[in-house]
Amino acid sequence: MKEQLQNIEKEALAAIGACGGLKELDALRVKYLGKKGELTAILKSMGSLSAEERPAMGQLANTVRKNLEEAVNSKNSELNSAALDAKLKAEKVDVTLPGRTRPIGVRHPLNIVLDELKEIFRGMGYTVVDGPEVEETKYVFDMLNTDEGHPARDEQDTFYITDKILLRTQTSSVQIREMLAHKPPIAIISPGRVYRSDTVDATHSPIFHQCEGLVIDKKITFGDLKGTLEMFAKRLYGEDIKLRFRPHHFPYTEPSAEVDLQCFKCHGEGCPLCKGEGWIEMLGSGLVHPQVLINCGIDPNEYSGFAFGIGLERIVMMRYNIDDMRLLYENDIRFLSQFR
Amino acid sequence: MDLSMKWLNDYVKADMPAKEFADKMTMGGSKVETWHNMSEPLSNIVVAKVISLERHPDSEKLWICQLDAGQGEPVQIVTAAQNLFEGAIVPACLHNSVIADGTKITKGKLRGVASNGMMCSYAELGLTPGDFSYPVADDGILILNDDPDIEKMPVGTDIRKALEIDDTIVEFEITNNRPDCLSVLGLAQEAAAVFDVPLNVKEPEYKTAGGNINDELTVRVENPKLCSRYMAALVKNVKIGPSPRWMARRLRASGVRPINNLVDITNFVMLEYGHPMHAFDLRYVEDNIITVRNAKAGETLKLLDEMAEPVKLSEEMLIIADGKKPIAIAGVMGGEHSGIMDDTTTVVFEAACFDGVSVRRTAKKVGERTEASSRFEKGLNPVNAEKALKRALELIDILGCGEITDGIIDVKSGEYEPERLKLDHKKVNELLGSDISDEEQRGILKRLGFGIEGDELIVPPTRIDMHLPCDIAEEVARIYGYNNIASTVPKLSCQGKRTERQKFEDKATSIALSLGFYEIMTYSFISPKDYELLGMKQEQRRSVVIRNPLGEDTSVMRTSPLTSMMEVIKRNYNNRNMAARFFETARAYFPNGENELPDEKDYLCFGLYGAGEDFFTAKGAIEELLEKLGIENAEFTADSDEPIYHPGRCARITVGENELGYVGQIHPSAAAAFDVGVEVYCAVIAIDKAYESMGGDVKYSALPKFPASSRDLSLVCDDGVTNGEIISVIKKNAKHLEAVRLFDIYKGEQVPEGKKSLSYTLTFRKKDATLTDEEADASVAKVLKALEAVGVVLR
């Protein structure tokens, strides 16, 4: 019997070892370990053994069974793993083939930059306000100290609907409306489209965008204006950027300043971008003229404020190296899809 | 304003490289646009004397000249000019010189003879005969022997220095609050302040020749409102001739052509003091009377300007008249006989203050906006008028070109009182956020020409822009240096936040982008023809009309964002961009009554075309947009009445009572009108209506605890029955219905002609128990019965 067991073990291990498929393996398991298998048959005949022989044979039979089971299991996982390998191999893809997607759209470059401006100023405590584009002359000119006879009011520069109604030439009209509607403190930006009677060319458009800002509170100073615009420029262009405040004249601010940005390309050395000047004109600003405050029912002895106006197209064109403003309004998808 | 640096240096010492001067003036408030040297690009041209002159051996026209050009050795130059002689003083362009047109002159050989440069004409120096006080040859070499300054130009002198054309001209951009800076003295005052150097201006002085002006001329001012001061002086025995070189050069540097000494004096004074003057020939002042009055109806005047037709004067125009007739339009231009002629002997100088608004209107009406009128427009003061007149007389004296009669006629309304402002250095610091001492502030203001008496600031009469403390602050700040004021950041008590509406719009934009739409930006004015192309209803075409448009193409404010969208699609289609999805947050404008502001409404406008796009991709995008914006229960109803759209492929979008807009295929005729050869789908959503239709906050509903059962139904019905109708019957009749979804539409062999098959999956679920098959079947049975009643049967 011992011999019989050893033969079965030997034969079975050889068969399992040589086995090449899961089905075949299962057949072998049934053949040797199944209820009607060879090993089971031998175990069933244990009863014919003597009491002395039985424990030793029992032990041997169990060992054989254990060995065969282990061999089947180990072969089983070996075959499984080979099958998985084969499957994975068959499923290989060319990862350089293009992916499939429903492409998403892109914000217009003007709005990409405007969104940034809004975020910067909102972070500084400003709210964004909107107002009419077709506007009354009093909000665009009269209340902003731009009297009848001022060249800005000329028909050559401004689109008129009637004598009293025009297409706004600046979004300052929104600031006037805001000051009339709300008591200080006021901290707003008023981005939007403005209209001037310029013929279309690479650097002019009869419609363009401004982002004007206004702060009115107690004890607002020219230093505050400087600090605010410097912070804005640093957020937009990075910490290294330098600004220069240059005296200028606007009817609605006093003192007034134009603000130049040190050329970010040549850092002030002079290059084609800044036309050799080292500085790029960026925006106009100043302390709100006391007459403008009075016009809006704000006491200039109690409150002061500053205002500034940024031309959006210019910033966008500089940022993306766009040399023709018309591209912004032509909306060719080959142009639009270059942004992100 | 073009400023001659030589002229400036008559009054302040500002001797420095032009770039440094320009930068500092700019930062002090006088913006320099650019500068150049008047003599550019001349170089290496010197004064030379012809020592000898001999015929070229091989030419009948050429001369071989030996020149003393101060080089030690004589210089040999071969020339074709025929006006040379031994001893002639000429400009010689040496080897490697440059003449006015930029040509470089080098040595060479002419018919075998060495020539080490050339001699040149006035034109090759960039000059005109008017730049010389003596006749110069148009054809030939410039001969300098008659030059009054010949003593000052020994051989070898650089020609730029010899002819005083080595002047730097600085071009300033003067803002319209500072007309005082449209003068040499105004800019000299600024330079004095910027560089902290003294301004050397003295009161004009001159000798008179006796007599009494009042015996020879009468001045009457009939409208003192429009003429606050009129001053006149008389110069007899004038000698008309060319101006001296220093005067001619200064005029030329300022862009004014020298004419003759008398005319040049009036121009010189205008440039120097900023006050226009006029000179009348007394012979043509009939009755020796000057009257400043309004024109009478029917009066005309032929102007100095070479206009063929005399101008018609009207009653609101202020004119200068003699005893009989108008002789000048006040502050604008003189009449044809009023000017200085070669045989003029007695001159009346006028310096006056005319009302700026009146001058502007008159100049505009007669179409003659002159140097003088543009200065009067900005407002001139009576003090400067007097200085200017006296300076003109001083120049007569200096030039020795006439005899000044004693006395000045001065008709004025009241005495000039300078503006006085209270000095308050604390207020200035309060506005600037600075800490500039009282003493420093006073110092700056004095440098700028302000007078100070105690705590009072006395504003110079030329400074029309000084009225308020903030004006003083600007003066102090710009000279102290804007960039020397410390930057601070205000502590705002406001909170920066978006309104709910702004959040809604931002979200709509994000969703549109994620649905594959590229954002566009278009002009909000359009051509009225675009309405025609799009086939819009007449009542939708009533627009806000621009009175002075650039052209018809941009003459009305759009009433729909669709015309602009179609323009963009047209451009893209024509550029062979075969497919695209666009959207715009666009404004449209709806007129109200005249002199009332229009209504402005914002829309989300979508446009899409190309392979794979159809009504349902457009509708699907809108459904997704509305759903994610929290707009529930949007209904899409077929609408065949909107002529913009395909009558069978257009849906009106509503939420309850709110009309949100439309989605549909642009009518093929409209697309064709825009030259687009493919189907174009568009949608327009009114943002305000969509915002109003937004549901409330999201509340989570518990995930189902019990399983669902589903049933598929294949139905057959007439072609005309819509999915919407079937769904609404199903929803109304199915108990425990959780969802219903269309999964197939079929027309063909197994379905009779004129019919179609629609297949739906109905999902049923109970909240509180497992739904039994019987319950599901019962619900389906009820649905089928209801469907049968409207002619929809199980296939």
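Predicted model: local features only at pLDDT ≥ 70, side-chain atom pairs only at ≥ 80, totals over all residues.
**Overall form of chain B**

- Chain B contains 21 helices and 40 strands.
- The radius of gyration of chain B is 43 Å, whereas a compact globule of 795 residues would have one near 28 Å.
- The C-alpha trace of chain B spans about 130 × 80 × 60 Å along its principal axes.
- Of the 795 residues in chain B, 41% are buried.
- Among contacts in chain B between residues at least 6 apart in sequence, 70% link residues at least 24 apart.

**The sheet E38-E39-E37-E40 of chain B**

- This open sheet of chain B has four strands in the order E38-E39-E37-E40, with antiparallel pairing.
- Strand E38 (737–746) and strand E40 (793–794) of chain B are at the edges; each has a single partner strand, so one side of each lacks a neighbour in the sheet.
- E38(B) is joined to strand E39 (residues 755–764) of chain B by eight bridges, and the two run antiparallel.
- Helix H21 (residues 773–789) of chain B lies across E37, E38, E39 and E40 of chain B, and runs at about 15 degrees to E37(B).

**Strand E6 of chain B and its partners**

- Strand E6 (residues 89–98) of chain B is mostly covered, as seven of its 10 residues are buried.
- E3(B) and E6(B) run antiparallel and are joined by six bridges. B:Lys49 stands opposite B:Ile89 in E6(B).
- E6(B) also pairs with strand E10 (residues 117–119) of chain B, in the antiparallel sense and over three bridges. Here B:Leu94 has B:Gly117 as its bridge partner in E10(B).
- Two bridges connect E6(B) with strand E7 (residues 104–105) of chain B, again in an antiparallel arrangement. B:Val98 stands opposite B:Lys104 in E7(B).
- E6(B) and E7(B) form a hairpin with five residues between them. In the turn, B:Gly102 has a positive phi of about 95 degrees.

**Chain A and its interface with chain B**

- The domain assignment of chain A gives domain 1 (2–90) and domain 2 (109–336).
- The centres of domain 1 and domain 2 of chain A, taken over C-alpha atoms, are separated by 89 Å.
- In the interface, 71 residues of chain A are in contact with 69 residues of chain B.
- Helix H8 (residues 222–237) of chain A gives the most to the side of chain A that touches chain B, with eight residues.
- The residues on that side of chain A divide into 33 nonpolar, 20 polar and 18 charged.

**The E7–E8 loop of chain A**

- A:Glu269 is in the loop between strand E7 (253–262) and strand E8 (279–288) of chain A.
- A:Glu269 has 11 other C-beta atoms within 10 Å and is therefore exposed, since the cut-off for exposed is 12 or fewer.
- A:Glu269 and A:Trp279 are 10 residues apart in sequence, and their C-alpha atoms are 9.0 Å apart in space.
- A:His267 is also found in the loop between E7 and E8 of chain A. A:His267 has a positive phi of about 55 degrees although it is not a glycine.
- A:His267 counts as partly exposed because it has 13 C-beta neighbours inside 10 Å.

**Other backbone features**

- Most residues other than glycine have a negative phi, and most peptide bonds are trans.
- B:Asp675 is not a glycine but has a positive phi of about 65 degrees.
- B:Asp675 lies in the loop between helix H18 (668–673) and strand E36 (680–686) of chain B. With 13 other C-beta atoms within 10 Å, B:Asp675 is partly exposed.
- A:Pro184 and A:Pro185 are joined by a cis peptide bond, with omega about 5 degrees. A:Pro185 is in the loop between helix H7 (172–181) and strand E4 (186–195) of chain A.
- The peptide bond from B:Glu40 to B:Pro41 is cis, and its omega is near 0 degrees. B:Pro41 is in the loop between strand E2 (31–37) and strand E3 (43–55) of chain B.

Technical notes:
Residues numbered from 1 in each chain as written. Chains lettered and ligands numbered in written order. Domains from an automatic or database assignment. Buried ≥ 20, exposed ≤ 12 C-beta atoms within 10 Å, placed from the backbone. Contact = placed C-beta atoms within 7 Å. Nonpolar A, V, L, I, M, F, W, Y, C, P; charged D, E, K, R; others polar. Pairing = 2+ DSSP bridges. Axes fitted to C-alpha atoms, helices over the stretch in contact; angles between N-to-C directions. Rg over C-alpha atoms; globule rule 2.2 N^0.38 Å.
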